[in-house]
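I opened this entry to keep track of what I looked up, in the order I looked it up.

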Amino acid sequence: MVKGLCILGSTGSIGQNCLRVVRGLPDRFRVVSLSAGRKLDILADQALEFKPKLVAVSADEFVEPLRGLLEQRGYREPVRIVSGSEGRIEAATLPEVDFVVSASHGITGLLATYEAVRAGKKVGLANKETLVVAGELVTREAERAGAEVLPIDSEHCAIHQCLRSGSRAEVRRLILTASGGPFLKTPARKFDAITPEEALRHPVWKMGGRITIDSATLMNKGLEIIEATWLFRLKPSQIDVLIHPESIIHSMIEFKDRCVLAQLAVADMRIPIQYALTYPERVANDGEPLTLDFLKVRRLTFRNPDVKRFPCLELGREAIEKGGAVPCALNAADEVAVKAFLEHRLPFSAIPRVIEKAIEHAPSNPFHSMDDVLECDRESRRRAEETIAVFARSFN
Ligand SMILES: NC(=O)c1ccc[n+]([C@@H]2O[C@H](COP(=O)([O-])OP(=O)(O)OC[C@H]3O[C@@H](n4cnc5c(N)ncnc54)[C@H](OP(=O)(O)O)[C@@H]3O)[C@@H](O)[C@H]2O)c1
């Protein structure tokens, strides 16, 4: 059967890799809808190539410019152009959509992903923020609607694969691997001087801005602990993190009998994307083969994360242990702090301090609705901006 796809975040790093996978498997997928922010040139090219029925842009002001670009390029197919949150929800819930790739920035794809789950669509989740901020609501609705949520994050995809050889009840612990980012060997005294340009140079992965900075602070791994807790229904204390700079083992499971299963592959997001898209099948792709050459790898090394230099990792664990609104506040504060760092308004070393402050204030009672989630997100962003303003005054 040809699967109808919706890609939320089609112009981003994951979105573009997803379309490369689809290009290599033309008989398996039809792109029904695309959603993006403001990169209209890329979006227009994608529409020309994949001929979706509907395209969603982030705001009304982009509808006519996109239509203009499509006309200029001689696009003759009927296409609806919609905008905003409503537009993304429509893109993700069209009857022809079987599978939604959730890869939008931050929480911009949250409501669309939630509605897709409620509509019983299969969801490939790259966007970890969805489960970080609303894990309980999303997993409850997925269970109710019988919607399958498949991880695209490479670590969680690795765990999903390892779990095919044992049950969740047989798991002793998960071992999420981390490359360690660009500052693995940088002493803490140099953290104040780290520039956005240095932090954006990830040694292994090419990704969007926020996740690249989150990888440099290890917040990304903190968010992944939260994501894994919801995806695999384990306790945070069952999830360990190990630094593995070669990024060949994408994560492991230690089962109760102490046998460990690991998933290995080259560090390329097309592998977890294709795994999710074609699950439960494994298929060859006509595109460039992504073969792991053990003779080139030669060595796999491991070390414990340094939680003193990288406190964000444990802030993630603390947030999910406290539960309720705390992970949502953590995520909002992190996004605001990362933006301030990229705009040279906050030093790298102060990112964890902004997050710490945000989670101090967050209530640990559960959310009852998406409105509660959005309200907590707004309030936490406001508080984080206040904290940053106080820091800015003390640095000037
Ligand atoms: N990149 C990776 O290797 C990787 C790995 C694992 C997990 N993830 C997760 O996947 C998600 C996406 O990551 P990414 O690296 O692909 O990010 P990215 O390159 O920054 O792409 C983000 C996408 O979201 C769109 N977007 C931004 N603001 C929007 C808005 N207001 N409304 C609608 N769409 C909007 C962007 O559109 P425009 O570009 O058109 O503005 C773009 O298509 C994140 O949650 C990340 O943590 C990524």
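I am working from a predicted model.

**Ligand site**

I began with the shell around the ligand.

Next I sorted the shell by residue class.

I then went through contacts to the backbone. At Lys39, a polar backbone atom lies 2.8 Å from an oxygen atom of the ligand. At Gly12, the separation between a ligand oxygen and a polar backbone atom is 3.0 Å. For Gly9 I noted 3.3 Å, again from a polar backbone atom to an oxygen of the ligand. How much of the ligand's accessible area does the protein cover? On its own the ligand has 900 Å², and the protein covers 86% of that.

Where does the ligand lie relative to the domains? I checked which domains supply the shell.

**Seven-stranded sheet**

I traced the strand order of this open sheet as E4-E3-E2-E1-E5-E6-E7. The pairing is parallel. Which strands stand at the edges? They are E4 (80-83) and E7 (149-151). Each has a single partner strand, so one side of each has no neighbour in the sheet. From one strand to the next, the twist averages 25°.

I looked at one pair in detail. Strand E3 (residues 54-57) runs parallel to E4, and 4 bridges join the two. In this pair, Ala56 stands opposite Val82 of E4.

**Four-stranded sheet**

I then turned to the open sheet with the order E9-E8-E10-E11. Its 4 strands show mixed pairing. The edge positions belong to E9 (239-243) and E11 (260-264). Each of these pairs with a single strand, so one of its sides is left without a neighbour in the sheet. Here I noted an average twist of 20° from one strand to the next.

Which way do E8 and E10 pair, parallel or antiparallel? I find E8 (residues 171-178) and E10 (residues 249-255) antiparallel, over 5 bridges. Val171 stands opposite Phe255 in E10.

Technical notes
Residues are numbered from 1 along each chain as its sequence is written. This is a predicted model: local features need pLDDT of at least 70, side-chain atom pairs count only at pLDDT 80 or more; totals for chains, interfaces and linings use all residues. Side-chain values use heavy atoms; hydrogens and water are left out. A polar contact is a pair of N or O atoms within 3.5 Å; within protein, one must be able to donate a hydrogen and the other to accept it, and residues adjacent in sequence count only if both atoms are side-chain atoms. Accessible areas come from the Shrake-Rupley method with a 1.4 Å probe; for residues, only the protein chains shown count as cover. Two strands pair if DSSP finds at least two bridges between them. Axes are lines fitted to C-alpha atoms, for helices over the stretch in contact, and angles run from 0 to 180 degrees between N-to-C directions.
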